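Colleague: I would like to learn how to read side-chain features in a model. Please take them one at a time.

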Amino acid sequence: MQSQDTDFALKNFIVLEGIDGSGTSTQMRFIEAAFKEKGLAHMVTAEPTGRPEGQLIRKILQGELDADPGTVAHLFASDRHQHLYGKAGIVEALESGKLVVCDRYVLSSLAYQGSTCGRDLPEYLNARFPAPGLTIFFKIDPEHSLQRLSSRSKLEIYEKMHMQKLVDIAYETTIAQKRSRGWKIETVNAEKPIDQVRQEVFTIIEAYTGFTIA
Ligand code: TYD
């Protein structure tokens, strides 16, 4: 029987997390290419999604729409619910035997919305979502990650030093808390060259799934 101190986890659901510019999207592309090459049934996905809920969030992140931080926390939770349980969503893919890799999930809401509207609301809104089977956290100094984003023509509302430093601290607290509830969270040093990070990420995924992908 499930202990009340341990959160229920979705097997074969892998999540990448980190502050902006930590390189999760780049590593996601490597994982997708490796899964394809090895012929592994999979779905790669991201939050905010491209679904209507996610599109609304994007407009807010790009500064086109104004929204109270609490509203944003609700929107991320709605997008997540639909992403998990909606048609062609995460649960459906897992039930059909696919490995699912998602760029950002619950920890992003706890770290980002926790830094904008306080921890209580995002904790409440995200309390019932299942844990991923594996989370890989990309650890990088906010000064370095923001340098990586400096070539972008337009930055989103959270892509500022002050916010990234808050989110970095919030991730640390959140990760410690979730580990104590049984979440499997591995940290990689995202300061390293892309190829070394890729190797580290592949080793973690291989150990978790039992498939060779390198
Ligand atoms: P992301 O797609 O990783 O950034 P981009 O594609 O612009 O490089 O994420 C968009 C932003 O959304 C990022 O700043 C983190 C934020 N976010 C939250 O604040 N809460 C959440 O729950 C999620 C999933 C993302």
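Colleague: Which residue lies over the face of phenylalanine 202?

Modeller: Arginine 198 does, at 5.2 Å from the ring centre. A charge sits over a ring if NZ of Lys or CZ of Arg is within 6 Å of the ring centre and within 35 degrees of the ring normal. This is a predicted model, where local features need pLDDT of at least 70 and side-chain atom pairs count only at pLDDT 80 or more, while totals for chains, interfaces and linings use all residues. Residues are numbered from 1 along each chain as its sequence is written, and side-chain values use heavy atoms, leaving out hydrogens and water.

Colleague: How many aromatic pairs does a search of the whole structure find?

Modeller: A pair of aromatic rings is described by the distance of the centres and the angle of the planes. The search finds 4 pairs here. Rings of Phe, Tyr and Trp (its six-membered ring) pair if their centres lie within 6.5 Å; planes under 30 degrees apart count as stacked, over 60 as edge-to-face and the rest as tilted. The centres of tyrosine 112 and tyrosine 171 are 6.3 Å apart and their planes stand at 90°, so this pair is edge-to-face. Tyrosine 112 belongs to helix α5 (residues 106-117) and tyrosine 171 to helix α8 (residues 161-180), so the pair ties together parts 59 residues apart in sequence. Helices (H or I, at least four residues) and strands (E, at least two) are DSSP runs, numbered from the N terminus.

Colleague: What does phenylalanine 137 form with tyrosine 171?

Modeller: They form a tilted aromatic pair, 4.9 Å centre to centre with 45° between the planes. Phenylalanine 137 is in strand β4 (residues 131-139), 34 residues from tyrosine 171. Ring pairs join Tyr112, Phe137, Tyr158 and Tyr171 into a cluster.

Colleague: Is tyrosine 171 buried or exposed?

Modeller: Buried means under 20% relative accessible area, exposed over 50%, and partly exposed in between (1.4 Å probe, protein chains only). Tyrosine 171 has a relative accessible area of 0%, so it is buried. Phenylalanine 137, at 2%, is buried as well.

Colleague: Which residues touch the most other members of the largest nonpolar core?

Modeller: In soluble globular proteins, nonpolar side chains tend to be buried together. A nonpolar core is a set of buried Ala, Val, Leu, Ile, Met, Phe, Trp, Tyr and Cys residues joined through side-chain atoms within 4.5 Å. The largest one here has 59 residues, and Phe13, Ile136, Tyr171 and Val201 touch the most other members. Helix α3 (residues 69-85) gives the most to this core, with 6 residues.

Colleague: Where does histidine 83 lie?

Modeller: Histidine 83 lies in helix α3, and its relative accessibility of 2% counts as buried. Its side chain makes a polar contact with the side chain of threonine 45, at 2.6 Å. A polar contact is a pair of N or O atoms within 3.5 Å; within protein, one must be able to donate a hydrogen and the other to accept it, and residues adjacent in sequence count only if both atoms are side-chain atoms.

Colleague: Which residues come nearest to the ligand?

Modeller: A residue is near a molecule if one of its heavy atoms lies within 4 Å of it. There are 14 residues around the ligand, and Arg58, Arg80, Arg104, Ser109 and Gln113 come nearest. A side-chain N or O atom of arginine 58 is 2.8 Å from a ligand oxygen atom. For arginine 80, a polar side-chain atom lies 2.9 Å from an oxygen atom of the ligand.
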